Amino acid sequence: VNPDRYYKETRITADKKRLNQTFDKFRDSVEEDKILADGITKFCDCLALDPTSRTVLIIAWRFKAATQCEFTRKEFVEGMADLGCDSLDKLKLKLPSLDADLRDPTKFKDFYQFTFIFARTPGQKGLELDMARS
């Protein structure tokens, strides 16, 4: 039995319409299919999270975000759905388990690789020295 397959088949189905409505609360007024820095700050405030916290980075990892300080509609909706959350309240309840997931060596390695790529400037092959030190 493949536990990943079992997990995916038994996860709670999230309401995509509700997720799109939640996304719209944070979306940018110009780039309507993106949540940008101001929206990310509001999103973090609703979750009572410091935008610079590791938990926000874990959320970005789970949403498969491609760019810092930004979630596309697809990343947000699919990320929330993959977590089985169709509301911010459900995501709040899920946050402790997201952090605990990093105890799994395979997930931690994936998270580590994500953070390395996520922290780079687009087109850059490695991290700048100051970024690598922090």
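Rings of Phe, Tyr and Trp (its six-membered ring) are paired here if their centres lie within 6.5 Å; planes under 30 degrees apart count as stacked, over 60 as edge-to-face and the rest as tilted. By this rule, ring pairs link F23, F26, F43, F63, F71 and F76 into a cluster. The structure is a predicted model, in which local features need pLDDT of at least 70, side-chain atom pairs count only at pLDDT 80 or more, and totals for chains, interfaces and linings use all residues. Residues are numbered from 1 along each chain as its sequence is written, and side-chain values use heavy atoms, with hydrogens and water left out.

The chain holds 8 helices and 2 strands. Helices (H or I, at least four residues) and strands (E, at least two) are DSSP runs, numbered from the N terminus. Along the sequence the pattern reads α-α-β-α-α-β-α-α-α-α. Of the 134 residues in the chain, 34% are buried. Buried means under 20% relative accessible area, exposed over 50%, and partly exposed in between (1.4 Å probe, protein chains only). The chain exposes about 9,000 Å², and carbon and sulfur atoms supply 52% of this area. Accessible areas come from the Shrake-Rupley method with a 1.4 Å probe; for residues, only the protein chains shown count as cover. Contacts (heavy atoms within 4.5 Å) were also counted along the chain. Among those with a separation of 6 or more, 60% join residues 24 or more positions apart.

The core was examined next. A nonpolar core is a set of buried Ala, Val, Leu, Ile, Met, Phe, Trp, Tyr and Cys residues joined through side-chain atoms within 4.5 Å. The largest one has 32 residues. Those with the most contacts inside it are F43, I59, F63, F71, F76, M80 and L91. Two or more residues each come from α2 (16–26), α3, α4, α5, α6 and α7. F76 touches L19, T22, F23, I35, F43, F63 and F71, leaving aside residues up to four places away in sequence.

Helix α4 has V56, I58, I59, A60, W61 and R62 as its buried residues. They pack against α3 (37–46), β2, α5 (73–83), α6 (88–100) and α7. K64 follows α4 and has a positive phi, near 55°.

The structure holds 9 aromatic pairs. One of them joins W61 and F111. This pair is edge-to-face, with 5.3 Å centre to centre and 70° between the planes. The partners lie 50 residues apart, W61 in helix α4 and F111 in helix α7 (residues 105–119), and so the pair links distant parts of the chain. W61 is buried at 8% relative accessibility. F111 is buried at 6%. The ring of W61 also has the charged end of R62 over it, 5.9 Å from the ring centre. A charge sits over a ring if NZ of Lys or CZ of Arg is within 6 Å of the ring centre and within 35 degrees of the ring normal.

Side chains of opposite charge can pair when their charged atoms come close. A salt bridge is a side-chain nitrogen of Lys or Arg within 4 Å of a carboxyl oxygen of Asp or Glu. The whole structure contains 12 salt bridges. K34 takes part in a bridge with E31, at 3.3 Å from N to O. K34 also bridges to E70, with the closest N and O atoms 3.6 Å apart. The K34–E70 pair links distant parts of the chain. K34 lies in strand β1 (residues 34–35), and E70 lies 36 residues away in the loop between α4 (54–62) and β2 (71–72). E70 counts as buried at 15% relative accessibility. K34 is partly exposed at 24%, and E31 is partly exposed at 37%. Leaving aside residues up to four places away in sequence, E70 touches K34, I35, L36, I40, A65 and E75.

A further bridge joins E32 and R27, at 3.7 Å from N to O. Both ends are partly exposed: E32 has 44% relative accessibility, and R27 has 31%. Through shared partners, salt bridges join D24, R27, E32, D33 and R73 into one network.
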